[in-house]
Amino acid sequence: MMKKSRRSFLKVAAVSAIGIGAAPAISLSSSSNSQSTSNAVKSKNHEAKTAKRWGMVINCTKISDEVAENIVEACHKNHNVPDFNHEVNTEKYPNTRPVNHKQEVKWIWEEHFKYAFPDKEDEFLADKYKNLPFLVLCNHCKSAPCVKACPTQATFKREDGIVIMDFHRCIGCRFCMAACPFGSRSFNFRDPRPFIEETNPDFPTRSKGVVEKCNLCAERLAKGEQPYCVEASEGAIVVGDLEDPDSDIRALLNENYTIRRKQTLGTEPSVYYIM
Amino acid sequence: MLEIAIKGSKKYWIWLTILLVIMTVGVAAYIDQFINGLMTTGLSRDVSWGFYIANFTYLVGVAAGGVMVVIPFYLHDYEKFHRITILGEFLAIAALVMCLLLVVVDVGQPVRLLNLFLYPSPQSVLFYDVLVLNGYLGLNIIIGWKVLEAERNQVRPPAWTYPLIYLSIPFAIGIHTVTAYLYCGLPGRGFWLTAILAPRFLASAFAAGPSVLILLCYVVRKFTKFDPGWEAMQTLSKIVCYALIANVFFFLCEIFVVYYSNIPGHVSHIQYLFFGLHGYNSMVPWMWTSIILMLIGIALLIIPWLRNNEFLLPFTCVMIIIGTWIDKSLGMIAGGFVPSPLHHVTEYAPTIKEVMITLGIYALGLIILTILYKLATTVKEEVRG
């Protein structure tokens, strides 16, 4: 009973709603309720992009500073990620206190090689790599330490490999932030809304006191669309099914030498970098 | 028995009033944090736990340290500890209440705390920490109360309390082991990722807890007619001595492994703490102070005539308490989070509000401790007199 989550409640609610419109469906599905649930969800979203395990390949050679900036902006704007450099509308938000930039929120951002790959730091690293912008984000690890750490299952792993959060369940203990070896998580130290220039109504804003991070644009994939970063990347970022040998992403992995961040820790990151 | 708590001298009430004032200041600071979020703290994206969790870790140790009087008395029939066992148990209660409150003020959404029980997550170490901390608190409340009540009525404690007493021993070890596991099971934090962490936590706890207890014995002797007994205090000081030596030894083991293996992900944290990293060195004076205080503490406790000096012992205890506090709270948090997983150096210092909230919690802990100790000492005076 305790396992009955908000999500499963929503599923049941959705099925019930369909049931009201189509009474015969109830008698059909009464023998196997769970199956009819998944059928109902599938029939609603046959446009959705699906995968056994989502992964990402970032072609670092194709990402210039400009492209990187566009990607970060596309992601953050559309996900209502607060920008602490944004000038606060004092009429709407009077008495907003000064910001502490160390408390910023970010989902995807640029790092130099030695920070993105601290375990691969090299005295004699080729110059061309030294100043490249490496985009870092949640790795959607196959064995995610943050999922293990979360004491309320507010961070959980979907069947398709996406590590995602329920912002309404998170108690803000920040154990996941201590657990993540990639610094991919941010905490809302304050109400983020005064720092959102233009709110995207299609995605929730967060409240103070919860953790957040990249969700691999699960909300876009569900509508059959590509993630924002992929769209803005001018072909440098590809997402796809790592488990499907015929997928584009597997072709890329087959043709190129790729590296992952801190793979020796065994968390099995799903984000690959073409050097 | 509670009626004892409302009959006290002028000093007793002044002391409680002072604590209440400090607590109120803490509450005021917390209201601000509750409304505006943890932006009021010095925490950051890179250092996401700070003063609250640091003091939490230390106080879990103080609570666990109480077992150092329970084991000799209940398992080895060491009679000298008969008088102070209750002091150890009551200290544990106050420390645990502070621990739980420090967690409450640390979370971003305290109103959602019940989610811990609505969605129990057995794969999370925090789940077990909540269980053992509350379990140990419950055990100590029941045991302490029943044993004191029995003493007042001059009967043996009910038989059913004994299994609980024995159960409280693994629980005491458990609270600190699980608290260490919170840290040492995380793959990306080289400073914490060491099997010696739980033993080190326990060693430092068994030094810090009994040190606090010795100090409290002095306070009790000065302000009440109850004498905990000098011999019991001396035995405690020996326990502190060996535990402190173990703590420093475990630390040196860690230093050897880290520096001889020379793995950067492990070296950089200790380098930051003791020598500074990339010019950031705010922890350096603290850490060396801690080491020096612990070494002096060992020297003062290992030499018999210094250890047996009734005047010197409280100062030794204060040094050890400060030394282990820096080591386990400040050092454990700063060392773990700096440098960050991406090897950026973001330093941390608590804000005044953060310190005020923490002091408010300490004040409440002292209020609980004062009342419980008043009960214990009054009952013991009654029985004796």
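Modeller: One term before we start: contact means heavy atoms within 4.5 Å. Also, this is a predicted model.
Biologist: Fine. Which residues is B:D46 in contact with, leaving aside its neighbours within four places in sequence?
Modeller: There are B:F337, B:S340, B:H344 and B:T346.
Biologist: And where does B:D46 lie?
Modeller: In chain B, in the loop between helix 1 and helix 2.
Biologist: Is B:D46 buried or exposed?
Modeller: Buried. Its relative accessible area is 18%, and the cut-off for buried is under 20%.
Biologist: How far is B:D46 from B:I321?
Modeller: In space, 28 Å, C-alpha to C-alpha. In sequence, B:D46 and B:I321 are 275 residues apart.
Biologist: New topic: aromatics. How many aromatic pairs are there over all chains?
Modeller: The count comes to 27. Take B:F256 and B:Y260: their ring centres are 5.2 Å apart and their planes sit at 20°, so this pair is stacked.
Biologist: Where do B:F256 and B:Y260 lie in chain B?
Modeller: Both are in helix 9, residues 230–261. They are 4 residues apart, about one turn of the helix.
Biologist: Which helices do B:F274 and B:W288 come from?
Modeller: B:F274 is in helix 10 (residues 264–275) of chain B, and B:W288 is in helix 11 (residues 284–302) of chain B. They are 14 residues apart, and the pair links distant parts of the chain.
Biologist: Is B:F274 buried or exposed?
Modeller: Buried, at 6% relative accessibility.
Biologist: What about clusters?
Modeller: One aromatic cluster is formed by A:F175, B:W49, B:Y183, B:W192, B:F201 and B:F337. B:F337 is also one of the contacts of B:D46.
Biologist: Now the empty space. What shows where it is left?
Modeller: You roll a probe the size of a water molecule over the atoms.
Biologist: How big is the second largest pocket in volume?
Modeller: About 1,200 Å³. It is lined by 39 residues. Nearest its centre lie B:W15, B:L216, B:V219, B:L366 and B:T370.
Biologist: Which helix gives the most to that lining?
Modeller: Helix 14 of chain B, with 13 residues. Several helices of chain B each supply at least two, including helix 1 (10–36) and helix 8 (197–223).
Biologist: How does the lining of that pocket divide?
Modeller: Into 26 nonpolar, 9 polar and 4 charged residues.
Biologist: How many cavities of 30 Å³ or more are there?
Modeller: There are 6. The largest cavity has a volume of about 100 Å³.
Biologist: What lines the largest cavity?
Modeller: 13 residues, with A:C75, A:L137, A:C214, A:C217 and A:C229 nearest its centre. The lining has 11 nonpolar residues, 2 polar and no charged.
Biologist: Last one: what is in chain A?
Modeller: Chain A has 11 helices and 10 strands. Of its 275 residues, 51% are buried. The chain exposes about 13,900 Å², and carbon and sulfur atoms supply 50% of that.

Conventions
Residues are numbered from 1 along each chain as its sequence is written. Chains are lettered from A and ligands numbered from 1 in the order in which they are written. This is a predicted model: local features need pLDDT of at least 70, side-chain atom pairs count only at pLDDT 80 or more; totals for chains, interfaces and linings use all residues. Side-chain values use heavy atoms; hydrogens and water are left out. On a 1 Å grid over the protein atoms alone, a cavity is a set of points where a 1.4 Å probe fits but cannot get out, and a pocket is an open set with protein on both sides within 12 Å along at least five of seven lines; lining residues have an atom within 4 Å of a point. Grid points are joined across faces, edges and corners, and a volume is the space filled by probe spheres set on the points. Ala, Val, Leu, Ile, Met, Phe, Trp, Tyr, Cys and Pro count as nonpolar, Asp, Glu, Lys and Arg as charged, and the others, Gly among them, as polar. Buried means under 20% relative accessible area, exposed over 50%, partly exposed in between (1.4 Å probe, protein chains only). Accessible areas come from the Shrake-Rupley method with a 1.4 Å probe; for residues, only the protein chains shown count as cover. Rings of Phe, Tyr and Trp (its six-membered ring) pair if their centres lie within 6.5 Å; planes under 30 degrees apart count as stacked, over 60 as edge-to-face and the rest as tilted.
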